[in-house]
Amino acid sequence: MAQFNEKEHLQNITALSEELAKILKNALIVVQNDYKEIGDLSKMAKNLMDGKRTPLLEMNPEGESRQGKYVLTYPEQKPTLHFIEKQQTLQIPAALKQFLSQEDIDKLQQFGNANRVIYVDEKGVATPKYVSLDKETNTLATMSASKLSVADTILGVTLTQQQKENLKQGNPILLKGLSAKDGGENWDAVVSVDALNRGLSFKKVDLSIPKEILGVKLDKEQQQQIKNGETVLLYDLHSAKTGNLFSATVSMKDGHLELKPIQDVPKKLLGLELSEEQRNQLRVGESVSLTGLTSNKTGKLFDANITLDADKGIVFNFKKGEAQAVVPSPETKTNEKALKIPLLEDAAYTGLLKKTPSIPLDKKEVVNEVLEVPKNEISTPKSLKK
């Protein structure tokens, strides 16, 4: 690989800017807000050299209006400014058509990205590509998977090996606690491979903790603790399946709340109502003396000291002289299984990724758009220089 030459790089940006000026002179109305005047041509040139497209432009040669974008392509290794005209219906390049399923097209229209690697036949070789939709022109952009380099750390967050692999496969991932460039509060985002902008895109999301979980209200401190990754213990949750009350630890994991039921003290034990004070005493490991419990087996009343065992539930220690054997009531145990309450569903299929407007697809129309826009690693080719 040739060595980067900054001076030559800047000269080529200038040369490409002048080339753009010739093309756009007296014929440019900029549609996108990023360029409010005849344009920051230097900025356009830098983006073109990185394989990106210009903003949406309106060309008016001899009164004929055409909207579209320019991109730098390299047919036969010769650099060319190629105009991609805005289409009324979604246009699929001929080289891509047979490799895109209807599901891929649906994802492109809904989320802007195919969210997977698409293998394209290039001279008999299956080449992996990322595909994204340019909703401003209704055309597709591609990027070779080999061009994506996933860093170990993104905005202060260290990626797991699985997260890196998911991105390489084109799958969106959720990253929490990203560092704000301005020193503000950390933020959460769904990160996707964006072929249109030649890198990663970030969609900010709010992982809001609900104010109530299964009938139990959370105060602000509990909500913040869960959001900070801490585990919170909640009592008397209402089972949607059985209608019974149960307790569980609650924590946030991979975009969902994870509830793990635990053995807890029921409000009523063998016919006897327990006070909140008695329940809390048992929860912290203390023994409580109860009088007037009703045997499930004989129906007779008896007294006992009880404690809470994390595995067994309520343990009965009979008072001296009490001979009756008592089986713990079913209400002292829980059959609830671990629950997951989604805060984020699969990032690839939710509205957290901004949906693109519905675009009618005319499958009969196929355009021979250049599939790949190779990035010139050093400079603009000499033919663009003066």
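Biologist: How much space lies in the second largest cavity?
Modeller: This is a predicted model, where local features need pLDDT of at least 70, side-chain atom pairs count only at pLDDT 80 or more, and totals for chains, interfaces and linings use all residues. Residues are numbered from 1 along each chain as its sequence is written, and side-chain values use heavy atoms, with hydrogens and water left out. A cavity here is a set of points, on a 1 Å grid over the protein atoms alone, where a 1.4 Å probe fits but cannot get out. Taking volume as the space filled by probe spheres set on those points, the second largest cavity holds about 50 Å³.

Biologist: Which strand gives the most to its lining?
Modeller: Lining residues have an atom within 4 Å of a point. Among them are Asn 113, Arg 116, Tyr 130, Val 131, Ser 132 and Val 193. Strands are DSSP runs of E, at least two residues long, numbered from the N terminus. With three residues, the top contributor is strand 7 (residues 125-134).

Biologist: Is Leu 56 buried or exposed?
Modeller: Leu 56 sits in the loop between helix 2 (41-49) and strand 2 (57-59). Buried means under 20% relative accessible area, exposed over 50% (1.4 Å probe, protein chains only). Because its relative accessibility is 5%, Leu 56 counts as buried.

Key: Helices (H or I, at least four residues) and strands (E, at least two) are DSSP runs, numbered from the N terminus. On a 1 Å grid over the protein atoms alone, a cavity is a set of points where a 1.4 Å probe fits but cannot get out, and a pocket is an open set with protein on both sides within 12 Å along at least five of seven lines; lining residues have an atom within 4 Å of a point.
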